[in-house]
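Here's a quick briefing to read alongside the model. Have a look at the sequence and the fold, then work through the points below.

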Amino acid sequence: MIREAKPEDISGIRDIEIAAGVLFRGLGMDAVADDAPPSQSDLAPYLRDGRAWVATDPADNPVAYILVDVIDSRAHIEQVSVHPAHSRKGLGSALIDHVERWAAARSLQGMTLTTFSEVPWNAPYYERLGFRTLPEQAWSNGLKEIVREEARHGLGAWPRVVMEKEINA
């Protein structure tokens, strides 16, 4: 089931992020694995504004989540993570489909995200879901700022791309 995230989901969201981060160790990306999960104050605006959703197990415990910003009239996927124990079940794509319907209902122009280009469950995965790499000259001011902020946070140490998907109405 996918539902809007609630304050009581925060610890579960943090646990998902920690568990999902461990996968980056196998790629020599320890700094990504060691990155702290989003704090309660980081998550609060997403929950307050209805821009955070979780996929839950039968006991209603979060096993995957997605956070969305609205950047330059597009739904920008800030983060989507699936707990490794629940991966390869379509939860990530279901969350992205949910955001696509949410964005369409708000007449947003598309969806964007930034991701690692060479991590198999990042850019290649999103390509299979219909995202395409957006060349730098097509980046909006909002996307440029996101890329700058990610670089300040150290994510520029590995190849990254900005991706976009048209919304299917």
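Helices (H or I, at least four residues) and strands (E, at least two) are DSSP runs, numbered from the N terminus. This is a predicted model, so local features need pLDDT of at least 70 and side-chain atom pairs count only at pLDDT 80 or more, while totals for chains, interfaces and linings use all residues. Residues are numbered from 1 along each chain as its sequence is written, and side-chain values use heavy atoms, with hydrogens and water left out.

**Helix H6**

- Helix H6 covers residues 141-152, so it has twelve residues; from first C-alpha to last it reaches 17 Å, close to the 16 Å expected at 1.5 Å a residue (the expected span is 1.5 Å times one less than the number of residues).
- Four residues of H6, namely Gly142, Leu143, Ile146 and Glu150, are buried (buried means under 20% relative accessible area, exposed over 50%, partly exposed in between, with a 1.4 Å probe and protein chains only).
- They sit on the same side of H6 because they cover an arc of only 100 degrees around the axis (the arc is that of the directions from the helix axis to the C-beta atoms).
- Over on the other side of H6, Asn141 and Arg152 are exposed.
- The cover for the buried residues of H6 includes strands E3 (62-71) and E4 (74-82), along with E5 and E7.
- Just past the end of H6, Gly154 has a positive phi of about 100 degrees.

**Strand E7 and its partners**

- Strand E7 runs over residues 160-165 and is mostly covered, with five of its six residues buried.
- E7 pairs with strand E5 (residues 111-116) in the antiparallel sense, over six bridges (two strands pair if DSSP finds at least two bridges between them).
- Thr114 has Val162 in E7 as its bridge partner.
- Strand E6 (residues 132-133) also pairs with E7 in the antiparallel sense, over two bridges.
- Here Arg132 stands opposite Glu164 in E7.

**Salt bridges**

- The count comes to 16 salt bridges (a salt bridge is a side-chain nitrogen of Lys or Arg within 4 Å of a carboxyl oxygen of Asp or Glu).
- Asp9 forms one with Arg3, with the closest N and O atoms 2.7 Å apart, and both Asp9 and Arg3 are buried.
- Arg3 also forms a salt bridge with Asp60, where the closest N and O atoms are 2.8 Å apart.
- That pair links distant parts of the chain: Arg3 is in strand E1 (residues 2-4) and Asp60 is in the loop between strand E2 (52-56) and E3, 57 residues apart.
- How do the two ends compare for cover? Arg3 is buried, at 11% relative accessible area, whereas Asp60 is partly exposed, at 30%.
- Arg3, Lys6, Glu8, Asp9 and Asp60 are linked in a network of salt bridges.
- Another salt bridge joins the side chains of Asp30 and Arg25 (3.9 Å, N to O); Asp30 is partly exposed at 37%, and Arg25 is partly exposed at 39%.

**Around Asp69**

- Asp69 lies in strand E3 and is buried, with a relative accessible area of 16%.
- Its side chain meets that of Arg51 in a polar contact of 2.8 Å (a pair of N or O atoms within 3.5 Å; within protein, one must be able to donate a hydrogen and the other to accept it, and residues adjacent in sequence count only if both atoms are side-chain atoms).
- Leaving aside residues up to four places away in sequence, Asp69 touches Tyr46, Arg51, Arg74, Ala75, His76 and Glu78 (contact means heavy atoms within 4.5 Å).
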